[in-house]
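Please walk me through this structure in connected paragraphs, giving the cut-off behind each term as it comes up.

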Amino acid sequence: VDADAVAHLRAFWAAMGAKVEVMTPDHHDLVLAITSHLPHLIAYTIVGTADELQQVTESEVIKFSAGGFRDFTRIAASDPTMWRDVFLANKDAVLE
């Protein structure tokens, strides 16, 4: 990429108060797979499993869930179509 363009964009975002990190696209994909994509996949899986268990009623899930489960439900409430597309677009890094 053009180093001057990167410097201009970095300065722009820094002026807006952002903490700017520059990395290769492959490294970016790997970092986001670990810090964002996998947590969403885990949240969808846990909430989906709790939803499918016939032996556990909804009131029990609410009664016995702690903050961690509530965090999972918040994360799992995000748009599944968008996350499907994210997983497909970044499949190699997520699988790694």
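The side chains of Arg84 and Asp85 meet in a salt bridge, with 2.9 Å from N to O; the term stands for a side-chain nitrogen of Lys or Arg within 4 Å of a carboxyl oxygen of Asp or Glu. By this rule the count comes to 1 salt bridge. Side chains of opposite charge can pair when their charged atoms come close. Asp85 counts as partly exposed because its relative accessibility is 38%, and Arg84 counts as partly exposed because its value is 46%; buried means under 20% relative accessible area, exposed means over 50%, and partly exposed lies in between, with a 1.4 Å probe and protein chains only.

The model is predicted, so local features need pLDDT of at least 70 and side-chain atom pairs count only at pLDDT 80 or more, while totals for chains, interfaces and linings use all residues. Residues are numbered from 1 along each chain as its sequence is written, and side-chain values use heavy atoms, with hydrogens and water left out.

Phe87 belongs to helix H5, residues 80-89, where helices (H or I, at least four residues) are DSSP runs numbered from the N terminus. Phe87 counts as buried because its relative accessibility is 17%. Leaving aside neighbours within four places in sequence, Phe87 is in contact (heavy atoms within 4.5 Å) with His37, His40, Leu41 and Val94.

Phe87 and His40 are 47 residues apart in sequence, and their C-alpha atoms are 9.9 Å apart in space. His40 counts as buried because its relative accessibility is 14%. Apart from residues up to four places away in sequence, His40 touches Ile75, Ser78, Trp83 and Phe87, and a polar atom of its side chain lies 3.0 Å from the backbone oxygen of Ser36.

Phe87 is also part of the largest nonpolar core, which has 5 residues: Ala33, Trp83, Phe87, Ala93 and Val94. To this core H5 and helix H6 (91-95) each supply at least two residues. Such a core is a set of buried Ala, Val, Leu, Ile, Met, Phe, Trp, Tyr and Cys residues joined through side-chain atoms within 4.5 Å. In soluble globular proteins, nonpolar side chains tend to be buried together. Beyond its neighbours within four places in sequence, Ala93 is in contact with Asp29, Leu30 and Ala33.

Elsewhere, Phe12 lies in helix H1, residues 3-15, and counts as partly exposed because its relative accessible area is 43%.

Definitions and conventions: Polar contact = N/O pair within 3.5 Å; in protein donor to acceptor, adjacent residues only side chain to side chain.
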